[in-house]
Amino acid sequence: MVLPSMRLDEKVVVITGAGSGIGKAVAIAAAEAGADCVPCELPGKISDLDDVCWQIENLGQRALPLPLSLPDLDSIDAMVDQASKEMGRIDILVNNAGINIPRDALEVSEEDWDSVMDVNLKGLFFMSQRAARRMMTNGGGKIVNIASQNGVIGYYKRAAYCSSKAGVVNLTRVLALEWADHQINVNTVGPTFILTPLTQSTFDDPVLREDLLSRIPLGRVGQPEDVVGAVVFLASPAADLITGHTLLVDGGWTAV
Ligand SMILES: NC(=O)c1ccc[n+]([C@@H]2O[C@H](COP(=O)([O-])OP(=O)(O)OC[C@H]3O[C@@H](n4cnc5c(N)ncnc54)[C@H](O)[C@@H]3O)[C@@H](O)[C@H]2O)c1
């Protein structure tokens, strides 16, 4: 047998922002791959996890829904403590939670900038730091960040968003280097525009939708399910020698 496994049997996976969109699809895919899951969501939206937990349990895996408010360090520590205590360990972290405030660069306020950076970059960093400390006591682990193709290219009305995602792409390299000795792989997935609650208003605008489609050589908008294969792959034993990498799931956008 030469083909390495893409299964996640007996692994515990923490997924941030798992109540909707890409995070929800990743949690279900991880359960399909055999993992027990800790889907996390903002405290005010914890009931958004009901359906994903039901689906995880229907697949025969354990689901532990937990509140998480990035980048609050007390909230991160409380989540990591409870996940470790109740599930025994954290093997895989999927840093999926993220926000966007689309606005022309000239109109971006300090509050807009800080909000996007706080969740997408600061929150992701401290979430990774806290989870990595646990992984180190357990022989290693895998961290998969959800950045965006907008981490390697620019797009209109996304000054803070593109900057935050570019930060994630390079942070991935630093953490991969620093934590390699601890057998923690750190990689990133960079999706193109995917139809989720985050992008619904973008796709509702016919001009924007046409512009996006014209830039995707494969000629269609992505669905959350298009992203999960890359995430499960990078979380699996098949990616044991891959670290510091950003895998684009962009329909060919950046190949042009
Ligand atoms: N949809 C796209 O086109 C697209 C493309 C590339 C990358 N991404 C990235 O994928 C990730 C998921 O996006 P999505 O489209 O599924 O969006 P979404 O809005 O459907 O899901 C994001 C989730 O993150 C949670 N969240 C938001 N702020 C949080 C905070 N402060 N603390 C904890 N959780 C928080 C939300 O409640 C939500 O459940 C994001 O990081 C996004 O930037 C999305």
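1. A word on naming before the rest: helices here are DSSP runs of H or I with at least four residues, numbered from the N terminus. Please also keep in mind that this is a predicted model.

2. The ligand takes up the space of the largest pocket. Its shell has 28 residues, and the closest are Ser20, Glu41, Tyr161, Ile194 and Thr196. By class, the shell holds 15 nonpolar, ten polar and three charged residues. Both α1 (21-32) and α5 (159-179) supply at least two residues of it.

3. A polar side-chain atom of Glu41 sits 2.5 Å from a ligand oxygen, and a side-chain N or O atom of Ser20 is 2.6 Å from an oxygen of the ligand. Asn96 takes part through its backbone, with a polar atom 2.7 Å from a ligand oxygen. Of the 830 Å² of accessible area that the ligand has on its own, the protein covers 94%.

4. Two cavities of 30 Å³ or more are present. The largest has about 40 Å³ of space, and α5 gives the most to its lining, with three residues. That lining includes Arg103, Lys157, Arg158 and Tyr161, and it divides into six nonpolar, one polar and three charged residues. Tyr161 is also among the residues closest to the ligand.

5. The second largest cavity has about 30 Å³ of space. Its lining has eight nonpolar residues, with no polar and no charged ones; among them are Leu8, Val26, Val94 and Val231. Here α8 (225-235) and α1 each supply at least two residues, and α8 gives the most, with three.

Conventions. Residues numbered from 1 in each chain as written. Predicted model: local features only at pLDDT ≥ 70, side-chain atom pairs only at ≥ 80, totals over all residues. Heavy atoms only, no water. Near = heavy atom within 4 Å. Polar contact = N/O pair within 3.5 Å; in protein donor to acceptor, adjacent residues only side chain to side chain. Areas by Shrake-Rupley, 256 points an atom, 1.4 Å probe, with all protein chains shown as cover. 1 Å grid on protein atoms, 1.4 Å probe; cavity = no way out; pocket = protein on both sides within 12 Å on 5 of 7 lines; lining within 4 Å. Sits in = over half its atoms within 2 Å of the grid points. Nonpolar A, V, L, I, M, F, W, Y, C, P; charged D, E, K, R; others polar. Points joined across faces, edges and corners; volume = space filled by probe spheres on them.
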